[in-house]
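Here are some notes for a colleague who has not looked at this structure before. Please read them with the model open.

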Amino acid sequence: MNTDRRKVVLIGTGMVGMSFAYALVNQGAICNELVLIDVNKVRAQGEAMDLNHGLAFAKSNMKIYAGEYHDCKDADIIVIAAGVAQKEGESRLDLLQRNTEVFRSIITPVIKSGFDGIFLVATNPVDIMTRVTYELSRFGASRVIGTGTSLDTARLRYLLGDYLTVDPRNIHAYVIGEHGDSEFVPFSQVMLATKPVMKIIEDDRNSYKMEDMKLIEEQVRTAAYKIIEAKKATYYGIGMALARIVKAILGDENSVLTVSAKLCGEYGARDVFIGVPTIIGRNGVKEIVELDLTEDEKERFKSSVNVLRENFEGLEL
Ligand code: NAD
């Protein structure tokens, strides 16, 4: 992988893709070359122009342009936020099948370009689309990552911080499982600094309650539905999550993020991509952190694995 030049190719310049690109430009110094690709070439060109016009106000300079698949050859990371929306009368599996075709039209030319970096997927259903990327690319699992429950985890830390009146950065908690309805919070693993939140509830039952925690978990799980109801789509949060993951990779941070990664026996499962705390560095997935879940949490995780497995098995690849 290239060390002095940090090149990212974004495929899919819709709301999610461009929120990511905008976050990159504003945060500065994460990468210094950004290529925009979309099936709608004119859109990609317009987005490149618009972003370039903001560079005079940005923290650092960047080369930004609308490109072609051959530009993927020497990229460090390919971010995929391309996809089609559900049509009326279409099932989730129909949508999945159509997005699989979209991914085939993307992964094939990317591989043909000679690309040898890391895939980062945001397209929904993200865990399954990440697995589709893995299957179509035949890359090693450490180099295929999905955004998983990274945004859900950020939402959780914000809400818990607000509830406990603590900076969310001092809340250590994860949402794990499918980025979807079967995701959950293993409360046995939620800490304020190094103090378990379950112990905080036990010590001060007048101020803090388990029911409130459950409500927060529900708010996290339904956040996307609420935002979509209000403004049709969600994009800023996921754009920032993508920028955070890209920064962790290009900066070789070895940061723990709840990305969608392939399980190889961790949590008692294999061959499934799912949101789990994962150490992310320059080569992608360094290690999956296996949490010490309670029996009940293990069962919930298993159900989530099954949802993803069943959905993937219905697909024609
Ligand atoms: P959008 O419709 O605004 O953008 C999609 C883009 O993909 C469009 O520009 C379209 O032209 C492009 N595209 C379609 N087919 C293509 C192809 N074959 N090749 C190249 N580009 C192609 O949608 P959006 O709001 O940006 O959402 C994108 C995806 O991100 C959706 O699947 C959405 O569900 C997902 N999403 C994920 C999360 C998460 O947490 N992972 C959060 C929000 C949205």
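1. How far is an oxygen atom of the ligand from an N or O atom in the side chain of Asp38? The distance is 2.6 Å. Please keep in mind that the model is predicted.

2. The shell around the ligand can be described by its members. There are 22 residues around the ligand, and those that come nearest are Met15, Val16, Asp38, Ala122 and Asn124. Sorted by class, the shell holds 10 nonpolar, 10 polar and 2 charged residues. Helix H1 (15–27) and helix H3 (92–112) each contribute at least two residues to the shell. The largest share, 3 residues, is that of H3.

3. Next, the domains. The protein is divided into domain 1, residues 7–146, and domain 2, residues 150–313. Their centres, taken over C-alpha atoms, are 23 Å apart. In the contact, 34 residues come from domain 1 and 32 residues from domain 2.

4. Asn124, one of the residues that come nearest to the ligand, is joined to Pro125 by a cis peptide bond, with omega about -10°. Pro125 sits in the loop between strand E5 (118–121) and H4. For background, most peptide bonds are trans, and most residues other than glycine have a negative phi.

5. Two residues have a positive phi although neither is a glycine: Arg138, at about 60°, and Ala193, at about 55°. Arg138 is placed in the loop between H4 and E6, whereas Ala193 is in the loop between strand E8 (191–192) and strand E9 (195–196). Is Arg138 buried or exposed? Arg138 is exposed, because its relative accessible area is 74%. Ala193 has 42% relative accessibility and therefore counts as partly exposed.

6. Ala141 is placed in the loop between helix H4 (126–137) and strand E6 (144–146). At 21% relative accessibility, Ala141 counts as partly exposed; the cut-off for buried is under 20%. Leaving aside neighbours within four places in sequence, Ala141 is in contact with Tyr134 and Lys262. Ala141 and Ser303 are 162 residues apart in sequence, and their C-alpha atoms are 22 Å apart in space.

7. Val132 is found in helix H4. With a relative accessible area of 0%, Val132 is buried. Which residues does Val132 touch, not counting those up to four places away in sequence? They are Thr100, Phe103, Phe312, Leu315 and Leu317. The C-alpha atoms of Val132 and Val8 are separated by 21 Å, and the two residues are 124 residues apart along the chain.

8. Gly148 is located in the loop between E6 and helix H5 (150–164). Gly148 is buried, with a relative accessible area of 3%. Not counting residues up to four places away in sequence, Gly148 touches Val126, Asp127, His179, Thr258, Val259 and Ser260. Asp127 is 21 residues from Gly148 in sequence, and the C-alpha to C-alpha distance is 6.2 Å.

9. Thr258, one of the residues that Gly148 touches, lies in strand E10, residues 255–264. Is Thr258 buried or exposed? Thr258 counts as buried, because its relative accessibility is 3%. Beyond residues up to four places away in sequence, Thr258 touches Thr147, Gly148, Thr149, Ser150, Thr153, Tyr174, Val175, Val276 and Pro277.

Terms used:
Residues numbered from 1 in each chain as written. Predicted model: local features only at pLDDT ≥ 70, side-chain atom pairs only at ≥ 80, totals over all residues. Heavy atoms only, no water. Near = heavy atom within 4 Å. Polar contact = N/O pair within 3.5 Å; in protein donor to acceptor, adjacent residues only side chain to side chain. Helix = DSSP H or I, 4+ residues; strand = E, 2+ residues; numbered from the N terminus. Nonpolar A, V, L, I, M, F, W, Y, C, P; charged D, E, K, R; others polar. Buried < 20%, exposed > 50% of the residue type's maximum accessible area, 1.4 Å probe, protein only. Contact = heavy atoms within 4.5 Å. Domains from an automatic or database assignment.
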